[in-house]
Amino acid sequence: MHLDIRVLPKPFDIHEAQDSLWLGQTQIGALVSFLGLMRDFNEGHRVSRLTLEHYPGMTEKALGNLANEAARRWPVDGIRILHRVGILEPQDPIVLVAVAASHRGPAFRACEFLIDHLKTQAPLWKKETTEAGEAWVRPRTGDAIANSRWSVTSQDKGWG
């Protein structure tokens, strides 16, 4: 199983990141990816800039633990998580989660599991700059609810 976890201060190449996960591996029948983008609004405010901070080493380890958990739950061939840090502007890619597998079901479930957990468990801190000033982004109830649905693992090994 190929695992690639990176926290990056500069933009990443979305196409290269996806292609290198499956090209030349003929057993792979599905590549599912999620690309998170910086948007220009949050909770009714226009956002002009997002500053992402992390604790080097800790963040990569936490993301690696999530990827290993996804690989334990589903039969996947590769997982790539790329996450930006630093200053971002609207439309900048923030995160890419890509999962390669023989079948689409495990790839979809593993990708969704990873982004749900990343949103609530990764040691990353976000500060938004809006017309009202700067503020740290607080956890969202919806993210915690999405994350909690993964606690039941009886269906996780399905091929669907």
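Arg 72 is partly exposed, at a relative accessible area of 48% (buried means under 20%, exposed over 50%, partly exposed in between, with a 1.4 Å probe and protein chains only). This is a predicted model, where local features need pLDDT of at least 70, side-chain atom pairs count only at pLDDT 80 or more, and totals for chains, interfaces and linings use all residues. Residues are numbered from 1 along each chain as its sequence is written, and side-chain values use heavy atoms, leaving out hydrogens and water.

- Arg 72 pairs with Glu 69 in a salt bridge, with the closest N and O atoms 2.6 Å apart (the cut-off is a side-chain nitrogen of Lys or Arg within 4 Å of a carboxyl oxygen of Asp or Glu).
- Both Glu 69 and Arg 72 sit in helix α2, three residues apart, or about one turn of the helix (helices are DSSP runs of H or I, at least four residues, and strands are runs of E, at least two, numbered from the N terminus).
- Glu 69 also meets Arg 73 in a salt bridge, at 2.8 Å from N to O.
- Glu 69 and Arg 73 are four residues apart in α2, so about one helical turn separates them.
- Glu 69 is partly exposed at 22% relative accessibility, whereas Arg 73 counts as buried at 9%.

**Other salt bridges**

- The structure holds seven salt bridges.
- One of them ties Arg 49 to Glu 134, at 3.6 Å from N to O.
- That pair links distant parts of the chain, with Arg 49 in strand β4 and Glu 134 in strand β9 (residues 133-136), 85 residues apart.
- Arg 49 is partly exposed at 32%, and so is Glu 134 at 48%.

**The sheet**

- Four strands make an open sheet with mixed pairing, in the order β1-β5-β7-β2 (two strands pair if DSSP finds at least two bridges between them).
- The edges belong to β1 (2-8) and β2 (30-37), each with a single partner strand, so one side of each has no neighbour in the sheet.
- Strands β5 (residues 78-84) and β7 (residues 93-101) run antiparallel and are joined by six bridges.
- In this structure, Leu 82 stands opposite Leu 96 in β7.
- Helix α3 (residues 104-121) packs on the sheet and touches β2, β5 and β7 (contact means heavy atoms within 4.5 Å).

Notes
Axes fitted to C-alpha atoms, helices over the stretch in contact; angles between N-to-C directions.
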